[in-house]
Amino acid sequence: MREIQMVDLKAQYEKIGPEIDIAIKSVLESTAFIKGPDVKLFEEELQKYMGVKHVVSCANGTDALYLAMMVPGLKPGDEVITTNFTFVSTVEVVALLGLKLVIVDPDPGSFNISVEAVKNAITPKTKAIVPVHLFGQCADMESIMELAKKHNLFVIEDAAQATGADYILKDGTTIKAGTIGHIGTTSFFPSKNLGCYGDGGALYTNDDALAKKLRSIANHGSKVRYHYDDIGVNSRLDTIQAAILRVKLNYLSKFNSARKAVANQYDEAFAGCHSISVPERVSYSSHIFHQYTIKVKNGKRDELKKFLESKNIPAMVYYPGPLHMQEAYSNLGYKENDFPVTAALCKEVLSLPIHPDMEQEQIDYIILNILKFFDK
Ligand SMILES: *Cc1c(COP(=O)(O)O)cnc(C)c1O
């Protein structure tokens, strides 16, 4: 049996390597490293896949969030509501732009931002909501969009962990995660469901004016060379990464299905194990299992993690410390007990290995050992 990894990029490269090598070599030979033809082609192909009007690529997922927050005309002090249970990018860009960060608890079942908590956090100063589609499953976007409409709020979806997930609207039609709000953002960090071989990111929008603005800001605020309409930044997807992503986009649906198949096996195996709860599946979203995250009851999480490590099974805690208790965000004035759901989750969650290249033997071995641990 091959050594088990959380994500096995090596196994993936062994399969798609020849195609990747050709893609990289063609960029090397063209020397069009910045804004080469692959960048535009990738944007067009992703646009088609996502069913969205515009894809604007950029340097990474954090920049995508930063760019998204630069365009709605937010002023320092304007309040932005997001979830406390996410990767730090989501909150750091709010702080960097001098906006007032308002964090709320997630729903304990879906791990995604609680609509009820958002409702309670809205004030006359609220200007934007940033739902995060955590672990590969969408937040309750229809309810969030309804709230946003009522209060005239801008919605930025952080879809970094959900590239390819489908949101299921009440009328039964589906729409891709990241294309529901005013702007959606994603990351192509290597371990993401659609990952490149370095850093990369993108924004989605159906709004022509926003797309134009984003494209300009990501490129020094310039639409025509050496003419600057906006104060911008340098945040571009480089051509080599775009060429790699063009290859990998062709595999995305297959890879996401493979993750789902592993998740189904885990679900079935752990259904009768009362010491853990398997990830909740909501009715309004598909789940592409960027992470397969269980909740371990009775304070046994760390013990299970150690046991698995002793069996050469990696497992990770996403996320171990609530954001509101981090030194960098201490000025927000939140108290330890302000977010009971986040606090409980940080003690219970454990993400198991899941990726498209898992061998059946590995899956069986992981399941066997988890069940063995609780049998003791
Ligand atoms: C990975 C991730 C990001 C940041 O992406 P980078 O490309 O690493 O900057 C933002 N938000 C979430 C939820 C993520 O998982």
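Author: Let's start with a definition: rings of Phe, Tyr and Trp (its six-membered ring) pair if their centres lie within 6.5 Å; planes under 30 degrees apart count as stacked, over 60 as edge-to-face and the rest as tilted. This is a predicted model, in which local features need pLDDT of at least 70, side-chain atom pairs count only at pLDDT 80 or more, and totals for chains, interfaces and linings use all residues. Residues are numbered from 1 along each chain as its sequence is written, and side-chain values use heavy atoms, leaving out hydrogens and water.

Reader: How many aromatic pairs does a search of the whole structure find?

Author: The search covers the whole structure.

Reader: What kind of aromatic pair do Phe307 and Phe373 form?

Author: Their centres are 5.4 Å apart. The angle between the planes is 45 degrees, and the pair is tilted.

Reader: Which helices does that pair link?

Author: The two residues are 66 apart in the chain.

Reader: Is Phe373 buried or exposed?

Author: Buried means under 20% relative accessible area, exposed over 50%, partly exposed in between (1.4 Å probe, protein chains only). Phe373 has 4% relative accessibility, so it counts as buried.

Reader: How many disulfides are found?

Author: A disulfide here is a pair of cysteine sulfur atoms within 2.5 Å. For Cys138, the nearest cysteine sulfur, that of Cys58, is 20 Å away. Over the whole structure, the number of disulfides found is zero.

Conventions. Helices (H or I, at least four residues) and strands (E, at least two) are DSSP runs, numbered from the N terminus.
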